[in-house]
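This briefing is intended for a reader who has the sequence and coordinates at hand. Please consult the display below alongside the notes.

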Amino acid sequence: MRKLVYFVGMSLDGYIAGPGDDISFYPVGDDVWDWLKAQYPETLPTHVRPHIGLAVDVPNQKFDTLVMGRGTYDPGLAIGVTSPYAHMRQYVVSSSLGPIDDPQVEVVASDPVGLVRRLKQEDGMDIWLAGGGKLAAQLLGEIDELVIKSYPVVAGTGTPAFAGEFDPTLFAPTERTEFGNGTQVTWLTRA
């Protein structure tokens with residue numbers, strides 16, 4: 001069965017974005033970019049790939065399906081990109097967005113848990129939960145693995161990685177790697 005993997009970058013104090021959905025304060029070194037391009041190319045938006053030296057048609061390594069909240073989808077939409085990850089099936093969970101005129105993007109107005117359970121039963125690669133914090137909190141019971149890119153910076157405020165009710169959920173670390181500037185990636189599975 002496919003896994004739901006919350007693959008996300010965050011500050012040391014647990015924020016996936018700063019005020020106004022700002023992510024520009026993350027210190028992403030060249031070694032992190034190289035690692036992303038080699039190991040997780042599908043997590044790099046299709047329209048960004050040519051600007052970072054990555055071919056648009058690089059094969060997906062881990063994920064073929066993406067589930068995201070509206071806050072994760074909106075930055076691309078704001079610049080006219082309706083299909084930011086054209087190399088994957090894309091689901092946007094939002095009760096306020098309305099339909100998108102793009103066959104590669106499906107807006108799901110409700111029941112993200114039902115959506116993920118259905119997707120897990122299908123054949124294919126794992127499912128990438130890209131954010132945001134509210135959606136991650138709603139899907140916490142369905143998350144099989146966390147891949148956390150922890151950047152060596154404190155944000156102070158912003159969008160938390162999980163914005164929901166108090167719900168202690170144990171995960172066990174299985175692997176960790178560190179990059180030159182102190183950025184760490186930790187893999188964790190549901191304990």
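The model is predicted. UniProt, in an unreviewed entry, assigns residues 2-184 to the feature "domain: Bacterial bifunctional deaminase-reductase C-terminal".

**Strand S6 and its partners**

- Strand S6 spans residues 126-131 and is mostly covered, with six of its six residues buried.
- Strand S1, residues 4-10, runs parallel to S6 and is joined to S6 by three bridges.
- In S6, Leu129 is the residue that stands opposite Tyr6.
- Strand S3, residues 63-69, also runs parallel to S6, and five bridges join S3 to S6.
- Met68 has Gly131 of S6 standing opposite.

**Tyr15 and its surroundings**

- Tyr15 belongs to strand S2, which covers residues 15-17.
- Beyond its neighbours within four places in sequence, Tyr15 is in contact with residues including Gly9, Met10 and Tyr26.
- The contacts of Tyr15 also include the run Ala155, Gly156, Thr157, Gly158, Thr159 and Pro160.
- Tyr15 and Gly182 are separated by 167 residues in sequence, while their C-alpha atoms are 17 Å apart in space.

Notes:
Residues are numbered from 1 along each chain as its sequence is written. This is a predicted model: local features need pLDDT of at least 70, side-chain atom pairs count only at pLDDT 80 or more; totals for chains, interfaces and linings use all residues. Side-chain values use heavy atoms; hydrogens and water are left out. Helices (H or I, at least four residues) and strands (E, at least two) are DSSP runs, numbered from the N terminus. Contact means heavy atoms within 4.5 Å. Buried means under 20% relative accessible area, exposed over 50%, partly exposed in between (1.4 Å probe, protein chains only). Two strands pair if DSSP finds at least two bridges between them. UniProt positions are given in the numbering used here, feature names are shortened, and annotations may be inferred rather than shown by experiment.
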